[in-house]
Each structure stands twice: as C-alpha cells, then as structure tokens.
Amino acid sequence: MSNQVALTGNEVMAQAMRQINPDVVAAYPITPQTAMVQVFSQFVADGNVDTEYVTVESEHSAMSATVGASAAGSRAMTATAANGLALMWEILYIASGTRLPIVMPVVNRALSGPINIHCDHSDAMGARDAGWIQFFAENAQEAYDNAIQAVRISEHEDVRLPSMVNLDGFIISHAVENLEILADDEVEEFVGEYHADNYLLNSESPIAVGPLDLQDFYFEHKMQQSVAVENVKDVVLKVAEEYKGISGREYGLFEEYKLDDAEIAVVALGSTTGTAKAAVDNLREQGVKAGLLKIRLYRPFPAQEIADALKDLKAVAILDRAETFSTTGGPVFADVKAALYDIKADVEATNYIYGLGGRDIKVGEIESVFTDLQQVVETGNVEQTINYLGVRE
Amino acid sequence: MTSLTEIRWHGRGGQGSKTASILLGKVAAKTGKNIQAFPEYGPERMGAPVLAYNRISEDKITVHCQVTEPSTVAVLDPTLLSVVDVTDGVPADGTIIVNTTEDGAELKEKLGFDGDVWAVDAYGISTEEIGAPFPNTPMLGALIKATGLLPYEGFLEEIKKEFEKKFAHKPEVVEGNLASIERAYQEVKN
C-alpha cells in the first residue's frame with residue numbers, strides 16, 4: 001500500500017532512511033542537508049528505527065565512522081552536501097576501495113569559494129572519480145526511489161560499492177512536492193536484511209580490513225574494483241525491474257523524453273531536467289523535433305547506451321551545472337562527447353554551463369539552447385562549443 | 001498545463017509566508033492536486049521582504065524554476081507596497097490580495113493595477129482571534145475566497161488537520177487560526 005504525501009525533499013529522504021532502517025547512521029549537519037538528518041535523528045530519539053546514531057564532530061569523522069560501521073558488518077548510511085562532501089574526500093576512496101556498500105544522500109550545493117549555499121553540482125562532480133555509484137534525481141520522488149534502490153544495488157554481490165544519491169539543494173531539498181512513498185513493510189521486504197560476507201565482527205572467521213597493500217597487490221585490488229563497477233549497470237536495471245513491481249514506477253540508466261524521433265536534444269541531470277521537459281513540450285507544439293536525455297546513473301557512466309540513444313540526432317547540447325576549469329567544458333559534456341566519439345557518431349555537440357551557485361534556470365533559457373541547436377543544424381557550423389547560460393556579461 | 005495556478009507570497013521575514021505556502025500546498029495535495037510550495041531562500045532576516053511560491057495543478061508539475069508570472073499574489077504586510085513591486089509579472093487579469101485596512105479602490109490606485117484586487121485586515125483579524133498579528137493564516141482564507149482555488153469546506157477540514165499536526169505541542173492556537181481563516185474568508189472584499 002502506497003501513501004500520497006506532500007513533503008520537502010529532505011523530509012522524504014529522512015522517511016526513506018527510516019524505512020531502510022540502517023544499523024548505523026553517522027552524520028554531521030550541513031546546509032542544505034540539515035533537515036534530513038535532523039528529522040532522521042528525531043526518528044532515532046522516538047524509537048521509530050533500530051539505528052545507532054553516531055553524532056560526530058565533522059564530515060571526515062562522519063564518513064570514517066560510517067566506514068567503520070560498514071566494515072564491521074552493519075548496514076550504514078550517512079548524508080552530506082558541498083563542503084561536507086569535500087571534507088570526506090580522503091575517506092570516500094577508502095569506502096569504495098574497501099568495497100563497503102554505504103548509501104549516502106548528497107544534497108547538491110556549490111562548493112566554496114566564494115561561499116554559497118545554493119544548488120550546483122560542483123560537490124558531486126568533484127567526487128565522480130572516487131569509485132562511488134552516483135544517481136541523480138529530477139524530483140523528490142526520484143530521490144526517494146533512488147535511495148531505496150541504491151541499498152540493493154550497493155549491497156549486490158556483484159557490486160559491493162558505495163552509492164551517492166544526489167538531489168538538488170533547496171530546489172528539491174527544501175521544496176514541498178506531492179509524491180508517493182511505499183509502505184514501511186514493502187521497503188523492509190525490498191531491502192531485506194543485510195548480511196555481509198566478510199566482516200570485522202565475525203569471530204568465526206576473523207579478517208583484517210584496510211591493511212597495507214603495496215606494489216604486489218594494490219593493482220589487482222583496483223582491477224577487482226573496476227570489474228565491480230562494470231557490473232553496476234546490469235544490477236541497476238535488475239533492481240529497477242523489481243522495484244517497478246512494488247512501486248509501479250519505471251527506472252533505467254537514463255530517461256529518454258520525446259527522443260525517439262528528435263532531431264535536436266539536450267542532455268542534463270538533476271532538477272533542471274523537469275524544466276527542460278516543459279521546454280521540449282513547448283517546442284514540440286511549434287513542430288520542432290526536440291527531445292531530452294535525462295541521466296539517472298552518472299557513475300559508472302553508461303557511455304555506450306547514451307551514445308546509442310543520441311546517435312541519430314543532428315545536434316545535441318549537454319547541460320552542466322558545474323565548471324571544471326579545464327577550458328574543455330563541463331564534466332557531463334566531456335563524458336557524452338567521448339561516448340559519441342567512440343561510436344563515431346556524426347552529431348554536433350555543444351556545452352552549456354548553467355545554474356552555478358543556485359542561479360535560476362527558466363524554461364525560456366532552455367528553449368534558447370534549442371534555438372542555438374537549430375542554428376547549428378541549419379548552418380552546419382558550431383559558433384561556440386562551450387557556452388555559459390544565464391550569466392551576466 | 002492549462003490548469004496550472006502559480007502564486008507568489010510577499011511577506012516580511014518572520015510573518016509566515018513560507019508556512020502559508022506550505023500549508024496551502026499540503027491542503028491542495030490532500031484534495032488530489034499536484035503541488036509545489038517553496039520559499040526563495042536568501043539571507044534571512046526578521047522583517048526583511050521575503051518571497052514564497054506555490055504551483056498548483058491538475059496535471060503533473062515538472063518545472064523547477066522560480067515563479068515569474070504568478071496569476072495570484074498575496075501580500076502579508078501593507079508596508080511592502082511602497083518597497084516591492086508586487087505586481088511584477090502579474091497578468092492583467094491576475095488577482096492580488098493585500099493585508100490592509102484600505103479598500104479595494106484605494107489599493108488599485110496605489111498598485112496601478114486594474115485586475116482583481118482584494119483587501120482584508122489580516123492584522124486586525126489575527127490580533128482579535130489569535131491574540132497577535134499573524135497575517136499568514138487569515139491571508140489563506142482570503143486567498144481561497146478571492147481565487148476559488150479549492151472548495152472552501154474541504155479546505156477548512158483539511159487545514160484543521162494540518163493545524164492539529166503543526167501545533168500538536170500548543171493545541172490552544174488551532175481554534176484561533178481557524179477562526180482567522182473563517183473571518184478573513186467572510187471579510188475580504190474586492
């Protein structure tokens with residue numbers, strides 16, 4: 001039995017955490033994630049969950065305690081944002097390299113400086129090569145659904161890797177939207193009990209976790225990690241199929257919106273994809289064959305599948321809510337362009353960096369991207385590959 | 001999205017414009033509508049002009065940008081009229097509801113807006129019913145009357161439940177807030 005609710009993104013994620021009922025949560029509050037762990041800690045105080053809540057003095061400690069709890073054999077979660085994620089940096093790699101299936105909501109916020117508390121993806125994008133699975137969500141419903149599925153994906157025997165469940169700061173975390181949450185027992189049954197194969201607190205079969213691993217074996221262990229990452233896509237699809245059975249909601253590696261017969265399209269992730277759908281609808285009404293590819297699984301990057309979905313377009317614009325300062329465009333652009341190159345697709349690709357530090361992006365601005373793409377198709381000429389959308393001159 | 005209603009709330013920090021937008025959103029969701037309710041987060045300061053928004057629709061709402069062309073505007077403090085252009089982006093046939101002791105004709109002239117303008121003394125009502133000038137709940141009653149956005153009886157029933165949840169630790173204020181809504185609904189004039 002599902003329930004219709006109207007809650008903020010943070011409240012909904014706290015509900016997901018309550019329903020997952022992890023053994024351990026170690027978290028430090030940071031805007032715009034604060035309400036999530038605040039509401040969850042109330043569930044702990046009220047005895048609504050069996051979780052051991054560890055209050056820590058920093059995000060470095062939050063991730064360290066979560067790693068310790070996961071290595072000990074428990075189901076462990078934390079949550080963070082922006083500079084908090086940056087402070088976890090060292091331990092992010094230890095979590096993935098130790099193959100610990102931690103699930104962590106990340107409420108996307110701009111990294112300082114200058115100091116800013118609003119949404120962009122500079123936090124998560126900086127961690128894109130840390131060996132974590134990364135999901136992005138259009139709205140609170142998807143963030144909730146991703147969190148529950150991430151538990152199964154991370155803990156899957158072919159994966160055993162941590163997941164970041166991203167949701168846009170303020171735009172999703174602090175906005176009230178109506179959505180459907182599953183019944184507690186449905187989530188309990190779906191995530192099941194967690195039984196680690198090898199864990200620290202197993203006196204029957206004692207192991208060491210995290211010992212020195214030098215020239216003779218480090219490389220092999222990294223290779224095993226790479227193989228596990230290769231397995232993620234299949235597991236994501238399998239878990240999505242099962243989740244559809246209890247939720248009725250369909251998930252893939254990405255969503256194709258009116259992309260079938262499209263001639264021009266944008267690629268994006270996060271809350272802006274909802275705004276982009278309105279832009280696509282408006283252009284379709286004018287007879288323009290516009291489409292959208294919304295990335296759900298960003299790490300590992302489903303390059304082949306995305307390239308196949310885009311290969312029949314005439315031109316595509318990739319939207320990035322993060323700057324890499326590489327002078328070669330945003331992170332999603334680099335990934336999509338490489339994927340198109342690999343299959344020798346004949347599609348002009350341009351990049352739009354937008355929304356940094358929470359700058360609003362409107363339907364009309366995305367429509368202007370499509371207008372630029374029409375121009376590219378008409379002239380066969382890309383005037384400007386890397387563009388900045390919505391910035392004052 | 002023809003059924004989409006977009007609302008902008010103008011208030012001063014601490015007056016509860018965010019709470020008003022959330023309450024309206026939650027009640028509308030209970031009646032089966034798709035909703036969004038969100039404030040504009042800036043540097044929050046008590047007394048500074050603040051904004052909150054609603055989107056309410058029969059259809060699924062996908063957009064996640066700010067509301068720039070609201071068909072309905074609610075102003076929680078009359079002194080904002082000389083500080084903020086509350087008519088910004090409002091279409092000619094839009095609705096503006098102001099907490100003021102002035103009447104509709106005076107307001108229209110002051111706003112330079114010829115559409116649907118409503119006035120209600122939300123400070124007076126809340127001072128009498130709640131014991132302090134909390135304009136946000138009476139403004140909800142006024143907005144329902146002015147817009148007909150939701151059926152009044154159903155709205156009252158659902159908002160009572162929201163109040164009972166919200167004020168679980170001080171149930172004595174539920175009645176005053178309900179009375180404020182009912183009086184504002186009766187007394188708001190265009």
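Helix α1 of chain A is mostly covered, with 12 of its 12 residues buried; a residue counts as buried if 20 or more other C-beta atoms, placed from the backbone, lie within 10 Å of its own. The model is predicted, and local features need pLDDT of at least 70, side-chain atom pairs count only at pLDDT 80 or more, and totals for chains, interfaces and linings use all residues. Residues are numbered from 1 along each chain as its sequence is written, and chains are lettered from A.

**Helix α1**
- Helices here are DSSP runs (H or I, at least four residues) and strands are runs of E of at least two, numbered from the N terminus.
- The buried residues of α1(A) include Gly9(A), Glu11(A), Arg18(A) and Ile20(A).
- Helix α1 (residues 9-20) of chain A has its end C-alpha atoms 16 Å apart, which agrees with the 16 Å that 12 residues should span at 1.5 Å a residue (1.5 Å times one less than the number of residues).
- Asn21(A) follows α1(A) and has a positive phi, near 55°.

**Domains**
- Chain A is divided into domain 1 (3-245) and domain 2 (254-389), with bounds from an automatic or database domain assignment.
- The C-alpha centres of the two domains of chain A lie 28 Å apart.
- In domain 1 of chain A, 25 residues are in contact with 20 residues of domain 2 of chain A (contact means C-beta atoms, placed from the backbone, within 7 Å).
- On the side of domain 1 of chain A that touches domain 2 of chain A, α6 (122-126), β6 (133-135) and α9 (218-247) of chain A each give two or more residues.
- α9(A) gives the most to that side, with 4 residues.

Technical notes. Contact = placed C-beta atoms within 7 Å.
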